[in-house]
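Dear colleague,

Here is the structure you were going to look at, with its sequence. My notes follow below it.

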Amino acid sequence: MLTTTEVEARLDDGTTYTYWTFNNKVPGPMVRVRVGDTVNVSMTNAPGSVMNHSIDFHAATGFLGGGQITQAEPGQTKEFSFKAMAPGVYVYHCATPMVAQHIAKGMFGLIVVEPEDGLPKVDKEFYVMQQEIYATKAKTCRRRKTTTTAW
């Protein structure tokens, strides 16, 4: 079960930024399944959301990986299922237009599809994704006096 939420947070420089999240996390929670599993997805768009949201699993075969059928207005829950067919690490993200805006606001995560027999045990596991934040607070630029006219 994934719930989309819109959460305001404070960045290091004091700027506030509104994240759009899955389960209040950026990136969203890591999903782990095995090849052959049927993955039942239930996504609720929080009643307080100002936007429609959805979810597109790149591990799912078919058009938009569920993104088309999970388009949910605030307060709605949408569900779909898919069968995990190929092992790998795949992204999932909101597929509501403008898709890039939803991803930039934090609506992305990973799904790991393990081989049928699973993966070997490890001591530690890391979940790493990268995000860039484009906040609206202006940065000040100081110019120094110089004897040349070229910048």
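The largest pocket is lined by 16 residues, and those nearest its centre are R32, E114, L119, P120 and E125. Please keep in mind that this is a predicted model. The space in this pocket comes to about 240 Å³. Of the elements, β8 gives the most, with four residues. Sorted by class, the lining has ten nonpolar residues, five charged ones and one polar one.

The strands named above also belong to a sheet. This open sheet has four strands, in the order β3-β8-β7-β5, and its pairing is mixed. Its edge strands are β3 and β5 (56–57), each of which pairs on one side only. Between β3 and β8 the pairing is parallel and runs over four bridges. R34 stands opposite E114 of β8, and E114 is also among the residues nearest the centre of the largest pocket.

Another residue to look at in β8 is I111. Is I111 buried or exposed? Its relative accessible area is 0%, and since anything under 20% counts as buried, I111 is therefore buried. I111 and F57 are 54 residues apart in sequence, yet their C-alpha atoms are 7.8 Å apart in space.

How many aromatic pairs does a search of the whole structure find? The search gives six. One of them is formed by Y17 and Y19, an edge-to-face pair with 5.0 Å from centre to centre and 75° between the planes. Y17 and Y19 are both buried. Another pair is F80 and F82, whose ring centres are 6.0 Å apart. The planes of F80 and F82 are at 25°, so this pair is stacked, the cut-off being under 30 degrees. F80 and F82 are both buried as well. These two also belong to one aromatic cluster, together with F22, F57 and Y92.

There is also a lysine to check against the rings. The charged end of K105 sits over the ring of Y17, at 4.7 Å from the ring centre. K105 also lies over the face of W20, where the distance to the ring centre is 5.3 Å.

Strand β1 (residues 2–10) pairs with β2 in the antiparallel sense, over seven bridges. Within this pairing, E8 stands opposite T18 of β2. Five residues lie between the two strands of the hairpin, and G14 takes a positive phi near 95°. Strand β2 (residues 16–22) is mostly covered, with five of its seven residues buried.

For the pocket, show R32, E114, L119, P120 and E125, which lie nearest its centre. For the aromatic cluster, show F22, F57, F80, F82 and Y92. For the lysine, show K105 with the rings of Y17 and W20.

Regards

How values were computed:
Residues numbered from 1 in each chain as written. Predicted model: local features only at pLDDT ≥ 70, side-chain atom pairs only at ≥ 80, totals over all residues. Heavy atoms only, no water. 1 Å grid on protein atoms, 1.4 Å probe; cavity = no way out; pocket = protein on both sides within 12 Å on 5 of 7 lines; lining within 4 Å. Points joined across faces, edges and corners; volume = space filled by probe spheres on them. Nonpolar A, V, L, I, M, F, W, Y, C, P; charged D, E, K, R; others polar. Phe/Tyr/Trp six-rings, centres within 6.5 Å; stacked < 30°, edge-to-face > 60°. Buried < 20%, exposed > 50% of the residue type's maximum accessible area, 1.4 Å probe, protein only. Lys NZ or Arg CZ within 6 Å of the ring centre and 35° of its normal. Pairing = 2+ DSSP bridges.
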